[in-house]
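Please keep the sequence and the structure in view while reading.

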Amino acid sequence: MAAEQTPDGRRARGDRTRRTAARAAAAITTTHGLDSITVGSLAQATGLSKSGILTVFGTREAIQIAAVAEARQIYIDTVITPAWDRQPGQPRLRALLDCWVAYQRAHVFPGGCFIVASTAEYGRRAGPVADAVRALKREWLDLLESELTAAGATDPPRDAFCIDAYLCAANTRRELFGADAELDRAHTLALDIIG
């Protein structure tokens, strides 16, 4: 019998615990920050036992890194993958913006965009959690720059900066004032950059 096929299902339970805890930690991040995540608060939010959470993660830092990884996968699934069948360049950029707005309107996370929330919190820090947050943001900016290059933009880094700034501002204002109109404004302004 293979090691992963234990008769009592420990591996499957561990995987479920890991996924449930990581998803909850990502959600908590958007409203309270990565630093607010504790084993106790995560156990309370999920109904999982503290010992079960510690068994699959080992440390609080590992939970935080798992939250970033889970948020990244959710972002890929909800923002990037639905747009990926479009032609590179303008069509894909438009689809990415449409998907980002839909991701926000769907309240995928209770506090808005994970990337915006985590980068504001970890922008000037060092260490593995900050590195994971920074890599997630860099990946998004690199994608925008790549698609802007394919669209023939004269200054892809500048245009990616502007698009990202509009989306970040929309997320912040929406969370602060509860106005979806900010999403529409950012969408329109970002589309103007794409052309």
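A residue is called buried when its relative accessible area is under 20%, exposed when that area is over 50%, and partly exposed in between. In this predicted model, Arg-72 has a relative accessible area of 33%, so Arg-72 counts as partly exposed. Its salt-bridge partner is Glu-139, which is likewise partly exposed, with a relative accessible area of 37%.

The structure holds 15 salt bridges, and the table lists some of them.

| Pair | N to O distance |
|---|---|
| Glu-70 and Arg-19 | 2.7 Å |
| Glu-139 and Arg-72 | 2.7 Å |
| Lys-137 and Asp-164 | 2.8 Å |

Lys-137 is buried at 13% relative accessibility, and Asp-164 is buried at 10%. Of the pair Glu-70 and Arg-19, Glu-70 is buried at 9%, whereas Arg-19 is partly exposed at 47%. Elsewhere, Arg-105, Arg-174, Glu-175, Asp-180 and Asp-184 are linked in a network of salt bridges.

Which residues of helix H3 are buried? In this helix, made of residues 50-57, they are Ile-53, Val-56 and Phe-57. Because these residues cover an arc of only 90° around the axis, they lie on the same side of H3. An α-helix has 3.6 residues a turn, so residues three or four places apart point the same way. Ser-51 and Thr-55, on the other side of H3, are exposed. After H3 comes Gly-58, with a positive phi near 90°.

Notes:
Residues numbered from 1 in each chain as written. Predicted model: local features only at pLDDT ≥ 70, side-chain atom pairs only at ≥ 80, totals over all residues. Heavy atoms only, no water. Buried < 20%, exposed > 50% of the residue type's maximum accessible area, 1.4 Å probe, protein only. Helix = DSSP H or I, 4+ residues; strand = E, 2+ residues; numbered from the N terminus. Arc of directions from axis to C-beta. Salt bridge = Lys/Arg side-chain N within 4 Å of Asp/Glu carboxyl O.
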